[in-house]
Amino acid sequence: MGLQKKPPFSGQSIVRNFDTFIIKRLSKNNENFTNVSPFLVEKAISGSVGIVTSTKLMRSGDLLVEVASLKQAQQILKLNSLSTIPISVQPHVTLNGSKGVITCGRLLNLSNEEITQELGGQGVKDVRRINIRRDGELMPTKHFILTFNTPRLREYIKAGYVRCSVRPYIPNPLRCFKCQRFGHSKTNCRGTLTCARCAAAGHESTDCTAVEKCVNCDGKHTSFSRSCPKWKVEKELLLQSISRISHSLKLDD
C-alpha cells in the first residue's frame, strides 16, 4: 500500500480532469453527424485516441464521447478532424462536474463566496450552504454542498487546517410542477395540470383549501410531502444510482 496522495492546500492549483466531450462537425451547411456512418465515426475515434468508454449521437446531431483515461482526454482535445470531417471538441459543461456535501462548524460564520474562493485550488467552483426553516425563518447550518470541476468526487478537502470528508450529494427526486409526477420537469410535461395539494386536475395549489391528497400514492398529504412513500422510493433509487456510479469510478481509478 503506497501513501495516499493528498489534495493541494487552499489556494494551490490542480489539473482539471474531463471524462465527457462534445464533438461538433464544422460545416458551412450546418451539417452534423446524423448522416455519417457510425462505422466511420467509431474507426476514426478509436484510431485517434484508442477505444473509448462510449460514443453516443445526441439529438442535436453532435457526438457525446466518454473517454477511458486522462491520456485519452488530452488526446481528444487536440483533434481537429475525424477522418476527413473537420470537427471541434469541447468538454461537456455539466457532465464533467460532481457534487458533494461537507460538514464543518468552523465555516459556519463564513460567506459562501469566501469559502468558494479559498477552496478554488482544490477544484471547488461553487459552494451552497444548506439552510433549514425554523419557526418560519431560514437558519444557516454547518452543512455545505460543494460543486467540483472534476467528474470524480474527492474523498476530502482541506478548509485551511481542517480536513473535511466529502460525501456524495443526493438530490431530491425530480417532480413536475405541472402534473406532479416524478421523473420529468414542467418544461417537458405532456400531462394535465394537477393540484399539488388535493390532486384534482385543472388548477394549481396556490389558493387551494381542499383536503390534502397525493397524486402519486393517494395518501392524505400533499404531492410534495417528503413523507410520501413514492417520494422515499424515488430518493432511494437516486441513492442507489449514485452509489453505483461512485463504485464504478473507483474501479476505474
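Which backbone nitrogen does the side chain of Thr141 reach, and at what distance? The side chain of Thr141 reaches the backbone nitrogen of His143, at 3.2 Å.

The model is predicted, so local features need pLDDT of at least 70 and side-chain atom pairs count only at pLDDT 80 or more, while totals for chains, interfaces and linings use all residues. Residues are numbered from 1 along each chain as its sequence is written, and side-chain values use heavy atoms, with hydrogens and water left out.

Thr141 lies in strand β8 (residues 137-148); strands are DSSP runs (E) of at least two residues, numbered from the N terminus. Thr141 counts as buried because its relative accessibility is 9%, where buried means under 20% relative accessible area with a 1.4 Å probe and protein chains only.

Neighbours within four places in sequence aside, Thr141 is in contact (heavy atoms within 4.5 Å) with Leu108, Arg129, Ile130, Asn131 and Ile132.

A separate element is an open sheet of five strands in the order β2-β3-β1-β5-β4, with antiparallel pairing. β2 (54-57) and β4 (81-82) stand at the edges with a single partner strand each, so one side of each has no neighbour in the sheet. Strands pair if DSSP finds at least two bridges between them. β2 and β3 (residues 63-66) run antiparallel and are joined by four bridges; Thr55 has Val65 in β3 as its bridge partner.

Technical notes:
Buried < 20%, exposed > 50% of the residue type's maximum accessible area, 1.4 Å probe, protein only. Polar contact = N/O pair within 3.5 Å; in protein donor to acceptor, adjacent residues only side chain to side chain.
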